Amino acid sequence: FQNDNNIFKNFDLYKKIKLLLRFEIVKNLKKTFDKKLILVGDDWKSLSLDTYPSNYYMKQIDKLYCGNICLDLGSIEGSMSLYSRSNRIIESGGLIIQSIQNDGKEVWKNLHKRILFNNIPELISLIEELLNNRKYCSTLLHEIYENFRHSEKSIEKSLDKICNILN
């Protein structure tokens with residue numbers, strides 16, 4: 001990337017690499033968990049994977065996430081932990097497990113070792129632990145809730161800083 005000044009070309013390549021990684025992760029999960037894995041999205045079908053069609057109805061998405069283990073491979077356009085999909089999983093009461101992002105330790109605090117993964121064996125181990133221990137799932141869901149319970153105060157502080165800069 002360093003010798004190429006075309007930022008759009010680089011960003012397109014970045015997204016293609018992320019898509020390839022996603023496919024490899026999902027392919028491995030499908031092989032390991034088969035019928036326990038539910039894929040949603042038309043894009044997966046083009047890769048010869050059994051999926052449910054894309055769904056854009058928020059109430060249905062909330063029902064799908066609620067109480068389920070939800071895999072989050074991060075935004076295709078960046079590397080931050082919190083973005084629209086991850087926020088939706090958390091707000092819906094889904095048990096998020098996420099690929100490591102740039103700000104993962106800061107966002108997830110003491111939970112980062114229990115919900116973030118860096119490779120496929122770590123991911124499979126996380127999922128197996130969650131599938132085999134409902135009490136652990138419940139505890140982890142509660143801890144995720146506690147992690148973000150006062151987040152509106154953090155947002156308010158950020159907005160105050162922005163307003164002070166603008167004034």
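Contact here means heavy atoms within 4.5 Å of each other. The model is predicted.

**Helix 4**

Helix 4 covers residues 84–91, and Ser86, Ile89 and Ile90 in this helix are buried. Viewed down the helix axis, the buried residues fall within an arc of 95°, so they line one face of helix 4. These buried residues pack against helix 3 (58–65), strand 1 (69–72), strand 2 (95–99), helix 5 (104–108) and helix 8 (134–148). On the face turned away from the buried side, helix 4 carries the exposed residues Ser84 and Glu91. Gly93 follows helix 4 and has a positive phi, near 85°.

**Salt bridges**

Six salt bridges are found in the whole structure.

| Pair | N to O distance |
|---|---|
| Arg85 and Asp72 | 3.6 Å |
| Arg114 and Glu143 | 2.5 Å |
| Glu146 and Arg149 | 3.2 Å |

The side chains of Arg85 and Asp72 meet in a salt bridge. Arg85 lies in helix 4 and Asp72 in strand 1, so this pair ties together parts that are 13 residues apart in sequence. Asp72 has 0% relative accessibility and counts as buried, whereas Arg85 is partly exposed, at 31%.

Arg114 forms a salt bridge with Glu143. This pair links distant parts of the chain, with Arg114 in helix 6 (residues 112–115) and Glu143 in helix 8, 29 residues apart. Arg114 is partly exposed, with a relative accessible area of 22%, and Glu143 is partly exposed at 25%.

In the salt bridge between Glu146 and Arg149, Glu146 is partly exposed at 32% relative accessibility, and Arg149 is partly exposed at 38%.

Definitions and conventions. Residues are numbered from 1 along each chain as its sequence is written. This is a predicted model: local features need pLDDT of at least 70, side-chain atom pairs count only at pLDDT 80 or more; totals for chains, interfaces and linings use all residues. Side-chain values use heavy atoms; hydrogens and water are left out. Buried means under 20% relative accessible area, exposed over 50%, partly exposed in between (1.4 Å probe, protein chains only). Helices (H or I, at least four residues) and strands (E, at least two) are DSSP runs, numbered from the N terminus. The arc is that of the directions from the helix axis to the C-beta atoms. A salt bridge is a side-chain nitrogen of Lys or Arg within 4 Å of a carboxyl oxygen of Asp or Glu.
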